[in-house]
Amino acid sequence: MRNFIVTLFMSLFLACSCAHIESNDGADVRFANESIVSVDQHVRGDRITPNPDGGINIEPDAGSGGAIGTGVVIDVIGGESLVATVGHVAHKKDLLDGQEDTPSLLRVTSSVLTIRTLAGQVCPAEEIFFSEKEDLSILRVKCIAGTPMPLATSLPPMGSEVIVSGAALGLHPDGIFIPVDGRYVGNLKERGLGYAVTNPVAVGHSGSPVIHNGKVIGILKSHRLDWEHLSFFVPLDILNSGITAARKTWNAH
C-alpha cells in the first residue's frame, strides 16, 4: 500500500511538472509582439575627421542612423500611441563616434525618430520624456502602433519566468521580433547593478519590454560582458514615473 501511494504521488508530481512546462505553441510571444515596435533614430550633422597636417576636416553628413532598438506600446490616445523605450536609443545625442577603421565624430545637428510595427507600418515619433539617469524615454507616436501592453502592479517574486522580445540583430521589420526566455533575478543594488534578469539579449533588444504573465515589469536597458548571464532593466516604479510625466507633457501640447 505504501509503495502504491508513493508511486501515485510521483505520477501526479510528474504530471503537474509536465503541465507546468508544456509549450503553449508561442501564443504568448505572438500576443506580446502585437504591442512591440522597432525604434529608429536617423541623424544628420557635420562629420569631423583629422587630417595629416594635425588639423580637422568638417563636412556635411546625412548620417545613417543614430540608434536602432525596440519600444512597447503603453497606451493609445485618439489616433496616437504612447511608447516606452530607452534613452540611449531614442534621445538625440550631440556627438556620435565614427567607424573603427575611420576615426571621426559626427556632430549631430538634427535627428528624426520613427517607429516600425511588425507588419511594416512606419510612423513618426517625438520624445516627450527623457531621463538620462534612468536611461528611459517615452515617445508620442503619430499612429496607432499596436495593442497597448498592460503594466504589472508590482514586480514578480524572485525566480519568476520572464520574456524579452524585440528588434534584435536587424531581423525586423517584416520578419520577426526575437523573443528570449529567462528568470527575474531581483535588484542587485549592493553590487551597483540594479534590477536583473537572465534573458540572453542581443544588439537591438534595448528598449524591449520585460514581460511577466503578459504584463510589463520593466524596460530592458543593458547587458554587461563581465556578467554574461545577466541583463538589466528599468524597473516598474521608474517606468510608471516616466509615463506620468510624459502624460503631463502630452496634455500640455
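Where is S208 found? Select S208: the residue sits in the loop between β11 and β12. This is a predicted model, in which local features need pLDDT of at least 70, side-chain atom pairs count only at pLDDT 80 or more, and totals for chains, interfaces and linings use all residues. Residues are numbered from 1 along each chain as its sequence is written, and side-chain values use heavy atoms, with hydrogens and water left out.

**Stop 1: S208**

Stay on S208. Is S208 buried or exposed? S208 is buried, at 0% relative accessibility. (Buried means under 20% relative accessible area, exposed over 50%, and partly exposed in between, with a 1.4 Å probe and protein chains only.) Now show the neighbours. S208 touches T70, V164, S165, G166, G218, I219 and L220, leaving out residues up to four places away in sequence. (Contact means heavy atoms within 4.5 Å.) Look at the side chain of S208 too: it reaches the backbone oxygen of H205 at 2.6 Å.

**Stop 2: the barrel**

Switch to a cartoon view. Six strands make a closed barrel in the order β9-β10-β11-β14-β13-β12, with antiparallel pairing. On average, neighbouring strands of this sheet are turned by 45 degrees against each other, direction ignored. (Strands are DSSP runs of E with at least two residues, helices are runs of H or I with at least four, and both are numbered from the N terminus. Two strands pair if DSSP finds at least two bridges between them. Axes are lines fitted to C-alpha atoms, for helices over the stretch in contact, and angles run from 0 to 180 degrees between N-to-C directions.) What holds such strands together? Strands of a sheet pair through backbone hydrogen bonds, either parallel or antiparallel.

**Stop 3**

Select residues 209-212 for β12 and 215-223 for β13. How many bridges join strand β12 to strand β13? Four bridges join these antiparallel strands. Find V210, which stands opposite G218 in β13. Then find H212, whose bridge partner in β13 is K215. β12 and β13 form a hairpin with two residues between them. Click N213 in the turn: its phi is positive, about 55 degrees.

Move on to β14. It pairs with β13 in the antiparallel sense over five bridges. Here I219 stands opposite V234 in β14.

**Stop 4: the aromatic rings**

Searching the whole structure gives two aromatic pairs. One of them is Y195 with F233, a tilted pair at 5.9 Å centre to centre and 50 degrees between the planes. (Rings of Phe, Tyr and Trp, the last by its six-membered ring, pair if their centres lie within 6.5 Å; planes under 30 degrees apart count as stacked, over 60 as edge-to-face and the rest as tilted.) Y195 is in β11 and F233 is in β14, 38 residues apart, and the pair links distant parts of the chain. F233 is buried because its relative accessible area is 1%.

**Stop 5: helix α4**

Select residues 236-252, helix α4. This helix lies across β13 and β14, running at about 45 degrees to β14. K248 is in α4. Is K248 buried or exposed? K248 counts as exposed, at 61% relative accessibility.

Conventions: A polar contact is a pair of N or O atoms within 3.5 Å; within protein, one must be able to donate a hydrogen and the other to accept it, and residues adjacent in sequence count only if both atoms are side-chain atoms.
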